[in-house]
Every structure is written in structure tokens, then in C-alpha cells.
Amino acid sequence: MALGHEQVGVNKFKQFDCVVDYSDHYYYHQSKPNQKSNSHGTMMINNRNTMKRIMKEWEILEKNLPASIFVRVYEGRIDLLRAAIIGASKTPYHNGLFFFDLQFPSDYPNNPPKVHYRSFGLRLNPNLYNSGYVCLSLLNTWGGKGTERWCPDKSTILQVLLSLQGLVLNEKPYYNEPGIKPAWSWESYNADVFALSCKTMLYLMKKPARNFEGFISAHFRDHASIILKACVAYRNGRVRIGLFDGDAPVGSKKKKVNVSKKFKDSMNELYPELYKAFNRIGASVKNLPEKLEDDGDGKPANCIIGKLKRFWEAMTA
């Protein structure tokens, strides 16, 4: 069974496991017309072909999941599945966790699975609505041709998860929007996305997905330092958002990119909240500042004196 509230390392958390508790799954209350309960309350799927295919999906996932995706299936509801995807490096989602609840339809694989993103009301990608709706050709929830759409004979849950990770949570999600763009540039949108990813981290630590409690804590204990350092580096314009690799020193004065006041303000607000949350779960953050008080170059960011100093320096430069 999956590890729960106890402190565990990410490397001890199984990538694939079958668990019991599905009570917080999004599709838990959805009715299944072709299912019935046995004497133990376990949901039984009448369609043998569907059940056989689901078992095959489990086998594929258990053997082929990449190191950045974790899956839980359920003894009592084989039609349900939950996946956690770790945001990839060199994207604005790096070191974040993103959870998806899936449900196999009663005629699976004739129709694709239903997929719900656990958004906490935040929209951090054009394909992932704040309602949890997932827009993806492979799920037949967006246009597409040929192999881009669900193929009962070839498409798999693993393919869905890899598409979510590689095609949705990508380096420049700005370009996922075919219509009116969500920001004036992809750089600006990446800034919004990173801030929303940080908010998602806070929500996950406050209300972790069931059967992933220990994993969530362990993941953020392991990555707290690099996440906080990234906040500083991005806020101070030392590296383009999404590209922080942990090497830029917190006190560095070198600036490389322009940063909007909106993003600076969001980091000023989110950084101390992240610091406190990471500290509560036992992360090693004592060597980092508890809050951001300046621009990283010794000039106060918000006080009147700091503004006057910067004005005087500009006039006398």
C-alpha cells in the first residue's frame, strides 16, 4: 500500500501502487451505469473487455513510468486512477507537482478516459482550466487529426500522462493558446505561470492529495532550497524564468533580464509563505532569508528612502 502521512523519501515512494482510499477522488461520486457493487462494496465492471484493457493499462504503467510520474490505482474502483507529474526542468513548472484524476469510461477503450486537473481554482496553462477541465487532442477535448486523437487500439494512459507532461507542461506554454494570447509575450506568461505554480505548491502542502501525503512533503523537503533560490533569481532578473539550475548565488548582483513590477510583487508575497510552509515540513531552509526585502543589489525595493536613492543615483549617473 502507498505511504501516507509518515515522513518518507521520494525514492521510497513507489511510482505505481494499488491503494484503498479513493474518497477525495474527483470522479468518486460519478455514477457508472455499467457497474455494480459486490458484497464488499467493490465496483465491478460488467464489460470483460474493458476490465481486461484496464488491467493491461496497469501493467504498462507499472513497467514504463518515467521517474517524474507517479500513479495510484484503487482496489475498490478500478475505473479510477490518480497521477502526479513533477514539473520538468527548463520550464516554468520546474520542481512543482501537478495532480490529475482519471476515470475509465464503461466502454473503455472505445472512448478516452476522463481527466480532471486538480487546479485549486488556478489556471496555469492554456490547456488546464481553473475548473479542472483538460483540453487535449488525445482526450478528444480539442481538435486534432489522425494519431493526435484517441485511438482505441493504440492509445494508452501512459501516452496521456506523457502528453500532459511534455506537450502541456512545457517550456513555453504561451504558445499552447491558439486564440487570444494569455499575456503580451511568452516571457511574461512564464512569469505568471511560475507564480501560479508556487501558489499550487502552497495549496498542496496545506491540502495534500490522499495517498500522496508523504510524497508531497518529501518532494518539497528535497526541493525547497532550489525553489526559494529560483524565486530570488527570477525576481532579481538574474536568469530567465524557468531556467534556474541552482547555481546562481542568492547575493549575485548581475542582472540579465527585465522583470515586471507585477512579478516582483508576487514573489515578495509568495516567498515568505513558501519559506514558512517548507520550514513546517522540515526542509533545510535556515540558510536562506525568510523574506525578500530588496532587489538583491542592496537597494530597498519598497521603502520611500530606497526610491529616492535610486532616483538620485539615476540623476547623477
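Q: Axes are lines fitted to C-alpha atoms, for helices over the stretch in contact, and angles run from 0 to 180 degrees between N-to-C directions. On that basis, at what angle do α3 and α5 cross?
A: Roughly 25 degrees, and the two axes come within 10 Å. Because angles under 35 degrees count as roughly parallel, over 145 as roughly antiparallel, 65 to 115 as roughly perpendicular and the rest as oblique, α3 and α5 are roughly parallel to each other.

Q: What sort of model is this?
A: This is a predicted model, in which local features need pLDDT of at least 70 and side-chain atom pairs count only at pLDDT 80 or more, while totals for chains, interfaces and linings use all residues. Residues are numbered from 1 along each chain as its sequence is written, and side-chain values use heavy atoms, with hydrogens and water left out.

Q: Back to the helix pair. What is the hand of the α3 and α5 crossing?
A: The crossing of α3 and α5 is left-handed (the near helix is turned anticlockwise from the far one by less than a right angle; clockwise would be right-handed).

Q: Which residues of α3 and α5 meet?
A: On α3 they are A191, D192, F194, A195, C198, K199, M201, L202 and M205, and on α5 they are K262, F263, S266, M267, L270, E273, L274, A277 and F278. By class, this contact (heavy atoms within 4.5 Å) has 13 nonpolar, 1 polar and 4 charged residues. Ala, Val, Leu, Ile, Met, Phe, Trp, Tyr, Cys and Pro count as nonpolar, Asp, Glu, Lys and Arg as charged, and the others, Gly among them, as polar.

Q: And how do α3 and α4 pack?
A: Helix α3 (residues 186-206) and helix α4 (residues 213-235) have axes 12 Å apart and an angle of about 150 degrees. They are therefore roughly antiparallel to each other, and α3 passes α4 in a left-handed crossing. From α3 the contact takes F194, C198, M201, L204 and M205; from α4 it takes I216, F220, I227, A230, C231 and Y234. These divide into 11 nonpolar, no polar and no charged residues.

Q: Parallel or antiparallel for α4 and α5?
A: The axes of α4 and α5 cross at roughly 160 degrees and come within 10 Å, which makes α4 roughly antiparallel to α5. This crossing is left-handed too. The contact includes F220, I227, L228 and C231 of α4, and M267, Y271, L274 and F278 of α5. Its residues divide into 13 nonpolar, 1 polar and 2 charged.

Q: L274 keeps turning up. Buried or exposed?
A: At 0% relative accessibility, L274 counts as buried (under 20% relative accessible area, with exposed over 50% and partly exposed in between, using a 1.4 Å probe and protein chains only).

Q: What is L274 in contact with?
A: L274 sits in helix α5 (residues 261-280). Leaving aside neighbours within four places in sequence, L274 is in contact with C198, M201, L202, M205, I227, L228 and C231. I227 is 47 residues away in sequence, but the C-alpha to C-alpha distance to L274 is 8.9 Å.

Q: Switching topic. How many helices and strands are in the chain?
A: The chain has 6 helices and 7 strands. Both are DSSP runs numbered from the N terminus: helices are H or I with at least four residues, strands E with at least two. The order from the N terminus is β-β-β-α-β-β-β-β-α-α-α-α-α. Of the 317 residues, 51% count as buried.

Q: Where is F98, and what does F98 touch?
A: F98 is in strand β6 and is buried at 0% relative accessibility. Not counting residues up to four places away in sequence, F98 touches A83, A84, I85, G87, Y93, Y117, L124, L169 and S197.

Q: Which residues does a cis peptide bond join?
A: Y108 and P109, with omega about 10 degrees. P109 is in the loop between β6 (97-103) and β7 (114-117).

Q: What about the phi of N95 and of F120?
A: Most residues other than glycine have a negative phi, and most peptide bonds are trans. N95 has a positive phi of about 70 degrees, and F120 has a positive phi of about 55 degrees. N95 lies in the loop between β5 (80-86) and β6 and is buried at 13%. F120 is in the loop between β7 and α2 (157-168) and is partly exposed, at 26% relative accessibility.
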